[in-house]
Amino acid sequence: MSKIVSMYSKKGGVGKTTLALNFAFYLKSLGKSVEFIDLDPQQSALPFFKDEQSSDTPIIYSNNVRHTLKTDFVVIDYPPGATLDHKVKGYPVLISNPTKMSIRDTYLSVINAEHERYAVVMNRYQGNVRDNKLLSDELLEAVKKSNVTHSAKCNLFTVLGLRAGFQSAENIDKTLFNLSSEDKKRISSYAQIRDELTDVFDTIIKYC
Ligand SMILES: Nc1ncnc2c1ncn2[C@@H]1O[C@H](COP(=O)(O)OP(=O)(O)O)[C@@H](O)[C@H]1O
Ligand SMILES: [Mg+2]
């Protein structure tokens, strides 16, 4: 049985595809077999897989949720506006950015949770912005309260900073986990972001 991890939020531009791609390539770097399911009709993740065909253990790229899942892990990249598919038993990673609207949507996903366990990632956080701190505290409170009143439990609540390195890697259709040594020289801050992500991904792997 594959372990299924869904990168989810109702809002666009919060980092679903960024985290889904980096997670898939991180799993591959650990020697895991991976299927990447791109549910976004815009297929913005597709160019990242162009070098995969020549790889010994390519990440399988597909567009729909099949039920003959044979890989160690399945990573699902949701499109904005979609509803989380509760028929797909998997581990949802609810991603928010520090805006009131995104937090409210994530809060609704938390209180309507039908899954057993899930993670919350506050992404694109700028620590020096006072409102961001208030909003992320607000979401954390909502998660804590729902852990008491609902059967669904949050195993991971984490905050990821606003990092230019994501954009730099994305511009060459790479993730932080499949950069060449030349790329690494150009993306000077890559190691720092990669370490930050590795901690988050290891926790997701532990609970999913
Ligand atoms: N923590 C971050 N810091 C800086 N840029 C980010 C961060 N997370 C995502 N981005 C950038 O934001 C843009 C939108 O991210 P994306 O993953 O495509 O969002 P979504 O899939 O939720 O629509 C991308 O250009 C991505 O590189
Ligand atoms: Mg996307």
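**View 1. Ligand 1 takes up the space of the largest pocket.** This is a predicted model. The elements that each put two or more residues into the shell around ligand 1 are α1, β6 and α4. Sorted by class, that shell has three nonpolar, eight polar and four charged residues.

**View 2. Here we look at who sits around ligand 1 and what touches it.** There are 15 residues around the ligand, and the closest are Gly 13, Thr 18, Arg 124, Arg 163 and Glu 170. A polar side-chain atom of Lys 16 comes to 2.8 Å from a ligand oxygen. On the nitrogen side, a side-chain N or O atom of Asn 123 is 2.8 Å from a nitrogen atom of ligand 1, and a polar backbone atom of Arg 163 also lies 2.8 Å from a ligand nitrogen. Taken on its own, ligand 1 has 570 Å² of accessible area, and the protein covers 85% of that.

**View 3. The largest pocket has a volume of about 570 Å³.** It is lined by 28 residues, with Gly 15, Thr 17, Thr 18, Arg 124 and Glu 170 closest to the centre. Two or more lining residues come from each of α1 (16-29), β6 (117-125) and α4 (164-171). The lining splits into 10 nonpolar, 12 polar and six charged residues.

**View 4. The second largest pocket holds about 400 Å³ of space.** Of its 19 lining residues, Val 88, Lys 89, Gly 90, Tyr 91 and His 115 are closest to the centre.

Technical notes. Residues numbered from 1 in each chain as written. Chains lettered and ligands numbered in written order. Predicted model: local features only at pLDDT ≥ 70, side-chain atom pairs only at ≥ 80, totals over all residues. Heavy atoms only, no water. 1 Å grid on protein atoms, 1.4 Å probe; cavity = no way out; pocket = protein on both sides within 12 Å on 5 of 7 lines; lining within 4 Å. Points joined across faces, edges and corners; volume = space filled by probe spheres on them. Helix = DSSP H or I, 4+ residues; strand = E, 2+ residues; numbered from the N terminus. Nonpolar A, V, L, I, M, F, W, Y, C, P; charged D, E, K, R; others polar. Near = heavy atom within 4 Å. Polar contact = N/O pair within 3.5 Å; in protein donor to acceptor, adjacent residues only side chain to side chain. Areas by Shrake-Rupley, 256 points an atom, 1.4 Å probe, with all protein chains shown as cover. Sits in = over half its atoms within 2 Å of the grid points.
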